[in-house]
Amino acid sequence: MYAVTLDGFGGPEVMKWAQVSDLPAPGPGEVLIEVVAAGVNRADLLQRQGLYPPPPGASETLGLECSGVIAAVGDGVREWKAGDRVCALLSGGGYAEQVLVPATQLLPVPEGLDLAAAAALPEVAATVWSNLVMRAGLHAGQLLLIHGGGSGIGTHAIQVAVSRGARVAVTAGSASKLERCRELGASILINYRESDFVEALRAESSGADIILDNMGAAYLARNIDALAEDGQLVVIGMQGGVQAELNIAALLGKRGTIHATNLRRRPATGPGSKGEIIAELRRHLWPSIADGTVVPVVSAELPATDVGRAHQLLDSADTVGKVIVEIRAA
């Protein structure tokens, strides 16, 4: 079997497409997937740099989502069979020709959806749905502010929010990214390089009911300022640092709430688990994937032998949506 390996930690050059040991047969409750494509996520970049180790027991190979075809199923797996087209949420291992995954973390690839493009869905869909819907209760009539509207998570969150009747504001660093956000349904477009997002949002509204934040510390104070009364700040990233001073009086004045969550370290089953989130996605979001209301936004597809370039593109200011690595032809 071939997989992307790391020759130490560092830049994209430490990744190599190399032969590794074959995987064992799937255990109870597991399936073995012949991988067609893997989504590239910021967590992969951090792990490559030695800044985000996988949780105990997870594969050391990069890759938190993939698409492909089931090759084998383990004992107790009833819903899936060899030959099924699937995409999967992973704790690691996606940048490889094969991956083992709990059957509870699989989603079917709808007819008509490109199998490789489906690799761009599990991580963003699980992140967005678990945070905006399951945690924050996003519903029609609310105003959602998304930081990084042109990212994979951002482009997906816009579509989900619009499909639920919410109004969407986004921040992004270029006119081209903002235009793509507008095409997807965002109605308040803020170039953070030119405007303060708090002032820009106040010019259009009384504040955001929900803020989806990938910046963390750098935006904490201004995010609280940007909240509407009873608003919720959902922090899912730390691109702007990890430590900041919290003005509790400002938060109390808004009757605001701060949630900080992650996806990779959730358990496989049980309350709040990956399996629970995947079940919710299949029940409530997947019909919108099947009918094309919500679509994967893919900026680039590169072969696994060019995985370094894929990481560079994800880190580029010009990339809109997801980057995927092609492992084999569909």
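User: What do I need to know about the model first?
Analyst: It is predicted: local features need pLDDT of at least 70, side-chain atom pairs count only at pLDDT 80 or more, and totals for chains, interfaces and linings use all residues. Residues are numbered from 1 along each chain as its sequence is written, and side-chain values use heavy atoms, with hydrogens and water left out.

User: What order do the strands of the open sheet have?
Analyst: The six strands run E10-E9-E8-E11-E12-E13, with parallel pairing. Strands (E, at least two residues) and helices (H or I, at least four) are DSSP runs numbered from the N terminus, and two strands pair if DSSP finds at least two bridges between them.

User: Which strands are at the edges?
Analyst: E10 (188–191) and E13 (257–260), each pairing on one side only.

User: How many bridges join E8 to E11?
Analyst: Three, between residues 143–147 and residues 208–213. Ile-146 stands opposite Leu-212 in E11.

User: Is H3 mostly covered or mostly open?
Analyst: Mostly covered: nine of its 12 residues are buried, among them His-156 and Val-160. Buried means under 20% relative accessible area, exposed over 50%, partly exposed in between (1.4 Å probe, protein chains only).

User: What comes just after H3?
Analyst: Gly-165, with a positive phi of about 85°.
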